[in-house]
Amino acid sequence: MKKLTLLFALIGMFFLANAQNVKESTISFNKTQVSGYLANINGYSMDVVDLALRTRLEKDLNLKGSKEGNFRAYINQPCSVFGPDKYDIYYKVSEFGKKKNKTTQVNFIISSGNMNTITSSNNPNVAYRVKAFLNDFLASVPSFAISQEIDALEAELAKLKKEKASLDNEVAKENKNIEKSNKQIDKINKKIEKSNKKIEKTGEKINKKVKEIDAVEAKIQEAKKQKRKQDLFPAF
């Protein structure tokens with residue numbers, strides 16, 4: 001029971017902190033001052049917050065966006081989270097504070113048309129829904145940021161797997177080339193071995209013929225010697 005009470009207390013503190021980060025204020029828009037809403041969040045870059053809000057409005061709520069000055073605009077479109085009517089919605093993301101302790105801020109304007117901005121004074125129901133929407137958005141930024149990191153890691157993993165597959169193909173190709181080269185080397189070595197055997201046999205034949213020639217020459221020399229003896233000492 002104590003744990004449950006503590007959990008509810010923490011949840012209450014979380015939503016209270018978010019509620020304090022969303023307030024109605026005057027916003028500079030196209031060189032004029034208009035009523036709007038400011039939503040602050042710490043620890044997340046302008047790019048992450050901007051992409052998170054654009055995803056919420058354009059992907060989740062199917063709004064068609066365009067650019068108007070330095071604001072993102074959604075002109076004359078129904079958006080059921082705010083009410084049954086059509087609205088003009090504008091937002092931009094900025095930041096303020098010191099370099100190491102900056103706060104990212106969403107400037108949000110909603111109009112019923114012709115820049116008739118909606119506030120708690122002229123339309124409390126829609127204003128309440130806008131604040132609830134922004135509070136819910138702030139609460140979703142951490143999970144959105146994590147999902148973006150996961151997507152980036154998965155994309156990097158897919159890239160690495162693709163690179164590995166390419167390297168594996170190169171290795172396999174090189175291995176085939178090596179295997180082919182080894183076969184060619186084996187074939188050449190066999191030819192060399194065969195040639196060496198032929199050279200050895202030819203050498204043996206030459207040696208045999210040399211011996212035969214030597215024997216014949218020895219016989220010739222012996223015959224010449226015998227002839228000289230006969231010439232010197234003829235028989236009577």
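Asn76 sits in strand E4; strands (E, at least two residues) and helices (H or I, at least four residues) are DSSP runs, numbered from the N terminus. This is a predicted model, in which local features need pLDDT of at least 70 and side-chain atom pairs count only at pLDDT 80 or more, while totals for chains, interfaces and linings use all residues. Residues are numbered from 1 along each chain as its sequence is written, and side-chain values use heavy atoms, with hydrogens and water left out.

Phi of Asn76 is near 50 degrees, a positive value in a residue other than glycine. Most residues other than glycine have a negative phi. With a relative accessible area of 42%, Ile220 is partly exposed, and Asn76, at 48%, is partly exposed too; the term covers the range between buried (under 20% relative accessible area) and exposed (over 50%), with a 1.4 Å probe and protein chains only. Asn114 also has a positive phi, near 55 degrees. Asn114 is found in the loop between E6 and H3 and counts as exposed, at 74% relative accessibility.

The protein chain as a whole has 3 helices and 6 strands. Read from the N terminus, its elements follow the order α-β-β-α-β-β-β-β-α. The radius of gyration of the protein chain is 48 Å, well over the 18 Å that the globule rule gives for 236 residues, so the chain is more spread out than a compact globule. That radius is taken over C-alpha atoms, and the rule is 2.2 Å times the number of residues to the power 0.38. Along the principal axes, the C-alpha trace spans about 170 × 50 × 35 Å.

Ile220 belongs to helix H3, which covers residues 124–232. From C-alpha to C-alpha, Ile220 and Asp88 are 129 Å apart in space, and in sequence they are 132 residues apart.

Of the 236 residues in the protein chain, 24% are buried. Among contacts (heavy atoms within 4.5 Å) with a separation of 6 or more, 50% come from residues 24 or more positions apart. The protein chain exposes about 17600 Å², of which carbon and sulfur atoms supply 56%; accessible areas come from the Shrake-Rupley method with a 1.4 Å probe, and for residues only the protein chains shown count as cover.

The whole structure holds 7 aromatic pairs. Rings of Phe, Tyr and Trp (its six-membered ring) pair if their centres lie within 6.5 Å; planes under 30 degrees apart count as stacked, over 60 as edge-to-face and the rest as tilted. One of the pairs is Tyr74 with Tyr91, which is stacked at 6.5 Å centre to centre with 10 degrees between the planes. This pair links distant parts of the chain, with Tyr74 in strand E4 (residues 71–78) and Tyr91 in strand E5 (residues 86–98), 17 residues apart. Both Tyr74 and Tyr91 are buried.

Phe82 and Phe108 form an edge-to-face pair, at 6.1 Å centre to centre and 65 degrees between the planes. Phe82 lies in the loop between E4 and E5 and Phe108 in strand E6 (residues 101–111), so the pair ties together parts that are 26 residues apart in sequence. Phe82 counts as buried, at 0% relative accessibility, and Phe108 counts as buried at 0% as well. Ring pairs link Phe82 and Phe108 with Tyr87 and Phe133 into a cluster.
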